Amino acid sequence: MPDPQVPEEALQQPPHSPAKPTTPPVRSSPSSLAWPPSSSWCLWPSSATCSPAKSASPNPKAPRALDHRPGDHPVLFRLDNVQKDYRGFAALKGISFELESNAVGLLGPNGAGKSTLIKALLGLIPINGGSAEVLGMRLPHDARAIRRAVGYMPENDCYLPYMTAVDYVSFNGQLCGLPKSEAFRRAHEVLYYVGLGEARYRQLGGFSTGMKQRAKLAQALVHGPRLLFLDEPTNGLDPKGRDEMLELIEDVRERDVRVVLSTHLLPDVEKICDSVVMLNQGALVHVGSLAELQKSDDPVIEVGTRDENERFAQLLTEAGFSVEQAGMHLKVRLSSAQSADELVRLAVEHKVQLRHFLPQRLTLETAFLALLDQENSRARTELGA
Ligand SMILES: Nc1ncnc2c1ncn2[C@@H]1O[C@H](COP(=O)(O)OP(=O)(O)OP(=O)(O)O)[C@@H](O)[C@H]1O
């Protein structure tokens, strides 16, 4: 039975053609298995700029090289001394950087200025000094063009509770410049895409937190943005909901939409992003690739022995290694002059049986905390001087 509220063109292109081989990113309920919308469905508006979606790559999780739509600007952001004051309070203190990236993690403790930076880059709040470019478009002159090219999923709820999901998403599409019928058609498609196909005529006020987050994602995607700003998209979600939201974001990224993810959850950044921008108290702490940040100059090896951790720690310390106890294991930090071979040789020489030997990757969390520590002690020194 055709749905009387779905426009004819949407019915001609069924939102979930069985011919599509792509893996469903969301499997929250049988209804969400309606993914994907169709083989030719894409995140870009069909009128002027839409071209067929690329077929799924063999490994959708494999990192892709920068690969943009024709005419897309390779430089995501170019900021020069961007400042923002709220009645005399400096929320952004002269931020400068240039970044080429497909997925950026925007990190910082509470009050660091992440939301302020996002709003400034969207042209939603004026900056008090400096200049900024988003995808090659300059603020404030090109603010309208930026808003058309960019989707924004805000941290806070931003809907009227008595609106249905489809009206809400369609209305946002119109606000972003889509004609009414196109906005309505795409609202249906994008709601299927985020796994809310069956719930699209329900009022948002009755949605669970996970459904509200998906509806917010849908409204950010409806007009086919080239860049998506996500402010705390996994806030309030349980572990399953969080995984599903991250899978959706990964899928969006795989469809050539660049992503800026602002979050406190560093594992989310590790999963989605290829680069990071770190702020602290309105200042830029770090900008660069994630891999670069996780590269440790002093590798750490976790070792465990058969009941001889204490003796081995003593031997390692005497040999000049830096050792600390970490639960049932020892963490041995190697300087540039030391090697893992030496550590093993020492164990063999002293007949210490090694039961555990694990070179450790520096986590984003460790790197983040170390950078914040450095920055805070630098600020304290400056204050004292
Ligand atoms: N409209 C406003 N008026 C006055 N001060 C503001 C306003 N918005 C933000 N601030 C202040 O600017 C600073 C940066 O706020 P912002 O919301 O950008 O930080 P954030 O990094 O996004 O924090 P969180 O992670 O807690 O969301 C904070 O000290 C905040 O209190």
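Two strands count as paired if DSSP finds at least two bridges between them. In this predicted model, strand S11 (residues 300-305) and strand S13 (residues 329-333) are joined by 4 bridges. The two strands run antiparallel. Val303 has Leu330 of S13 as its bridge partner.

S11 and S13 belong to an open sheet of 4 strands. The order is S12-S13-S11-S14, and the pairing is antiparallel. The edges are held by strand S12 (322-326) and strand S14 (354-360). Each edge strand has a single partner, so one side of each is left without a neighbour in the sheet. From one strand to the next, the twist averages 25°. Helix H10 (residues 309-318) packs on this sheet. H10 touches S11, S12 and S13, and its direction makes about 10° with that of S13.

A helix pair was also examined. Two packed helices are described by the angle between their axes and the distance between the axes. For helix H4 (residues 165-175) and helix H5 (residues 180-193), the angle is about 130° and the axes lie 8 Å apart. Angles over 145 degrees count as roughly antiparallel and 65 to 115 as roughly perpendicular; H4 and H5 are therefore oblique to each other. The crossing of H4 past H5 is right-handed. On the H4 side, the contact is made by Ala165, Val166, Val169, Ser170, Gly173 and Gln174. H5 contributes Lys180, Ala183, Phe184, Arg186, Ala187, His188, Val190 and Leu191. By class, the contact comprises 8 nonpolar, 4 polar and 2 charged residues.

Key: Residues are numbered from 1 along each chain as its sequence is written. This is a predicted model: local features need pLDDT of at least 70, side-chain atom pairs count only at pLDDT 80 or more; totals for chains, interfaces and linings use all residues. Axes are lines fitted to C-alpha atoms, for helices over the stretch in contact, and angles run from 0 to 180 degrees between N-to-C directions. Angles under 35 degrees count as roughly parallel, over 145 as roughly antiparallel, 65 to 115 as roughly perpendicular and the rest as oblique. A crossing is left-handed if the near helix is turned anticlockwise from the far one by less than a right angle, and right-handed if clockwise. Two residues are in contact if their C-beta atoms, placed from the backbone, lie within 7 Å. Ala, Val, Leu, Ile, Met, Phe, Trp, Tyr, Cys and Pro count as nonpolar, Asp, Glu, Lys and Arg as charged, and the others, Gly among them, as polar.
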